[in-house]
Amino acid sequence: MLAARRRRAGTTVTFRPTGAVRAIGAVRAAGANAVGAATGAVAAAVVLAGLVTACAVLPVAAPSPTPSPTPTVLNGPKPTSFAYLRAPKNAVRGDNLIASQRTLVTHLDIPWGVAFLPDGSALVTERARRRILRVGPGRTASGELTVRPLTTVEGVYSNNEGGLLGIAASPRFARDRTVFVYYTTKQDNRIARLRLVGPRPRPEAIVTGIPLAGVHNGGRLAFGPDGYLYASTGDASKAGASQDVHSLGGKILRMTTEGRPPPGNPFPDSLVWSYGHRNPEGMAWDASGRMYVAEIGESMWDELNLIQPGRNYGWPKVQGMGRMAGMTNPLAVWRPEVGVTNGIAIIGHAALITCLRGQRIYLVDLGRPVDFASTRIVGVGTGEASIRWRPAAGVLGRPLAALIGKYGRLRAALVAPDGSVWLTTSNRDGRNQPVAADDRIIRLTLRPAALPAASDGSGTPEGTTGSTSGGTPGPTPGRPGTALPTQPGPAPRSPTPTYGPPHSPMPSSMPSPRVR
């Protein structure tokens, strides 16, 4: 049985999760602010207000032994409204929902994790070079954000998909100057805290023993609205670990800043928050505190999941949607050929999800979960264009693809203090042909809901229907897809037009569906 070890005050304590599997009830949906008129049109962008407060350099204080059980909010703007996307009926592409896009930083080397600081700057990890960079808030003469290396993390081993991965800033960073990092060693994956003081800060491991492999290492870190630290772990190519609640592989973990199980975790004396995951690498929360995870699938489906404590998300027994007892269905799925889903950012009631192999983002309309137990599934497209979603569980319409091929492989997605979204490219990871400016950080803003879209982003005017290459009519207005049986199987036929990516300025050889 794998063990997680905590190291504190020079002493190594072995932590062994125990306890039988027990499911926990669904997370209560807090009130969502429905905006817009009677059309129920799909979600657009959050209007954020406020200014980023500049953070003065403060004396370093000792970190608190445990986090507050209540959310700790850093200085920055607060959301004032939660608008819905104004997407036309029958839309396949969502490029017209993007209001602006701009390159902030160039010439990075596989940027993996991003964490914003109170002064508006960001910390960025470089996976293979093992560096933590400080990006901004200043700008160079060319208008790009400044980039300054802060430190190289000792003990990191870069092996294919491993290396220096996720990073999260302490909610009290202005006082304790502490960040948390997820990284690969030659023995395991681990989570450590790092105080950014002195010339060579050393990581202090708080969780060890997370399964290690050349692929499927997970690695995302983020503080949730409850003040606790969450981590995503992969199955490390050992699919059975995902179903074993005593293993830390294939899980979402929840912990204190000491690496201990906090109150409310579903399994006794365990860090495990949810299980049955293959390789989740994106985590985000909406304004109601609901947690969403983007997960890389195998050869059938990538997944968008709404995470509920103690739930089993199926891998490897179920891929995508199914009706197996005890398994929790995802909210939406699409094919790995156009996915290999990685990062996720929540803007109001819209989820923005990045794709590596698919070289695109998906915009997903999220509403109030009304009947999470509903087995109704809607799907469109065939083959690589197949997409399925669950309206009763809160996905209001077809996920819309955007930025196809424009920036190459897209990895991290994070909402910045000013309400924009930062995306990182991953074109120097050996699975694409990079351009001279790679790797980059891209800043996106979404179009306000008050500005209706004029087309579906693919050249089809609003209100018209598309066609397949064989001339099959598009879907009937008001009927976005076809209701599907809930047992997974071959992709259904659909009148919705199939589509493929346009010519990419950064071509890549398509790996097999089993390779990220």
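Select Arg-200, in the loop between β12 (189-195) and β13 (204-210); strands are DSSP runs of E, at least two residues long, numbered from the N terminus. This is a predicted model, in which local features need pLDDT of at least 70 and side-chain atom pairs count only at pLDDT 80 or more, while totals for chains, interfaces and linings use all residues. Residues are numbered from 1 along each chain as its sequence is written, and side-chain values use heavy atoms, with hydrogens and water left out.

Arg-200 has 61% relative accessibility, so it counts as exposed (over 50% relative accessible area; buried is under 20%, partly exposed in between, with a 1.4 Å probe and protein chains only). Thr-152 is 48 residues from Arg-200 in sequence, yet the C-alpha atoms are 8.0 Å apart.

Next, select the open antiparallel sheet β22-β23-β24-β27; strands pair if DSSP finds at least two bridges between them. β22 (341-347) and β27 (400-402) are the edges, each with a single partner strand, so one side of each has no neighbour in the sheet. Within it, β23 (350-355) and β24 (360-365) share six bridges. Zoom in on Ile-353, whose bridge partner in β24 is Tyr-362.

Last, select another open antiparallel sheet, β5-β30-β29-β28. Its edge strands are β5 (98-105) and β28 (410-415). β5 pairs with β30 (441-446) over six bridges, and Thr-103 has Ile-442 as its bridge partner in β30.

Notes
Helices (H or I, at least four residues) and strands (E, at least two) are DSSP runs, numbered from the N terminus.
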